[in-house]
Amino acid sequence: MQRKKLSILDDESERIARAAQGDLRAFDELVHQHYSLAYSLAYKVLGEEDDAREVTQDAFVRIHRALSSFRGDASLKTWIMRIVMRLSLNRRRDRTRSSWRRLGLHRGEGDTHEMAPTQQTPESEYISRETRTQVQTLIDHLPDSLRQVIILSSFEDLAYEEIAQILDVPIGTVSSRLHAARKKLLQQFREYDLL
């Protein structure tokens, strides 16, 4: 088992080195391997497909340019997630500054940022969609520091250590922020009868 893990790490290191030297095929393999995770994180932070696609593409352009400076202090996955998180937060900040968005005029009839319902009946689909929308709204209104850890922990299922590396904070800070976020959400869930 340990040999297989080392082999995978060796393959990734070799691929990173080849991509850093300009091997486009190796870089394409890295993109293919990490794109869905990067997009998923961007989407969860931004809540809109177009913004998430743009941020993910921008992230991989930046990664391509900076790959030769990748030191390997963290895993490539963590490094990519840190870049995607930073770009997503910048996009979100820029978006909230827009007066159109502040006034809610950006929402059209084709706004499809809700998650697909998982239930079968129309009634349960409606309830599920409404609950998801309420939960997403409550998460969106958390302070950035709390929202980030909730997204990375609960939606991306990352370990505290990975979250600490992505956010560049101590593990204890991740733990305390996650505790505060969950406590705040639990209180709000009770207020809105979501429990």
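Visitor: Why does Gln 21 count as exposed?
Guide: First, a word on the source. This is a predicted model, in which local features need pLDDT of at least 70 and side-chain atom pairs count only at pLDDT 80 or more, while totals for chains, interfaces and linings use all residues. Residues are numbered from 1 along each chain as its sequence is written, and side-chain values use heavy atoms, with hydrogens and water left out.
Guide: Now Gln 21. Its relative accessibility is 70%. Exposed means over 50% relative accessible area, buried under 20%, and partly exposed in between (1.4 Å probe, protein chains only). Gln 21 therefore counts as exposed.

Visitor: Where is the place of Gln 21?
Guide: In the loop between α1 and α2. Helices are DSSP runs of H or I with at least four residues, strands are runs of E with at least two, and both are numbered from the N terminus. By that rule the chain has nine helices and zero strands.

Visitor: What does Leu 67 touch, not counting residues up to four places away in sequence?
Guide: Ile 16, Ala 19, Ala 20, Phe 27, Leu 30, Leu 76 and Trp 79. Contact means heavy atoms within 4.5 Å.

Visitor: Which residues touch the most other members of the largest nonpolar core?
Guide: Ile 63, Leu 67 and Leu 152, in a core of 48 residues. α2 gives the largest share, 10 residues. A nonpolar core is a set of buried Ala, Val, Leu, Ile, Met, Phe, Trp, Tyr and Cys residues joined through side-chain atoms within 4.5 Å. In soluble globular proteins, nonpolar side chains tend to be buried together.

Visitor: What makes Asp 140 partly exposed?
Guide: Its relative accessibility is 27%, so Asp 140 counts as partly exposed. Asp 140 lies in helix α6, residues 122–140. Leaving aside neighbours within four places in sequence, Asp 140 contacts Arg 92 and Arg 147.

Visitor: Why are α7 and α8 called oblique to each other?
Guide: Their axes come within 10 Å and cross at roughly 135°. Axes are lines fitted to C-alpha atoms, for helices over the stretch in contact, and angles run from 0 to 180 degrees between N-to-C directions. Under 35 degrees is roughly parallel, over 145 roughly antiparallel, 65 to 115 roughly perpendicular, and the rest oblique. α7 and α8 are therefore oblique.

Visitor: Which residues meet where α7 contacts α8?
Guide: Gln 148, Val 149, Leu 152 and Ser 153 in α7 meet Ile 163, Ile 166 and Leu 167 in α8. These divide into five nonpolar, two polar and no charged. Ala, Val, Leu, Ile, Met, Phe, Trp, Tyr, Cys and Pro count as nonpolar, Asp, Glu, Lys and Arg as charged, and the others, Gly among them, as polar.

Visitor: How do you know that Asp 157 is exposed?
Guide: Its relative accessible area is 67%, so Asp 157 is exposed. Asp 157 is placed in the loop between α7 and α8. Its phi is near 55°, a positive value in a residue other than glycine.

Visitor: What makes Asp 168 exposed?
Guide: A relative accessible area of 64%. Asp 168 lies in the loop between α8 and α9. Phi of Asp 168 is near 60°, a positive value in a residue other than glycine.
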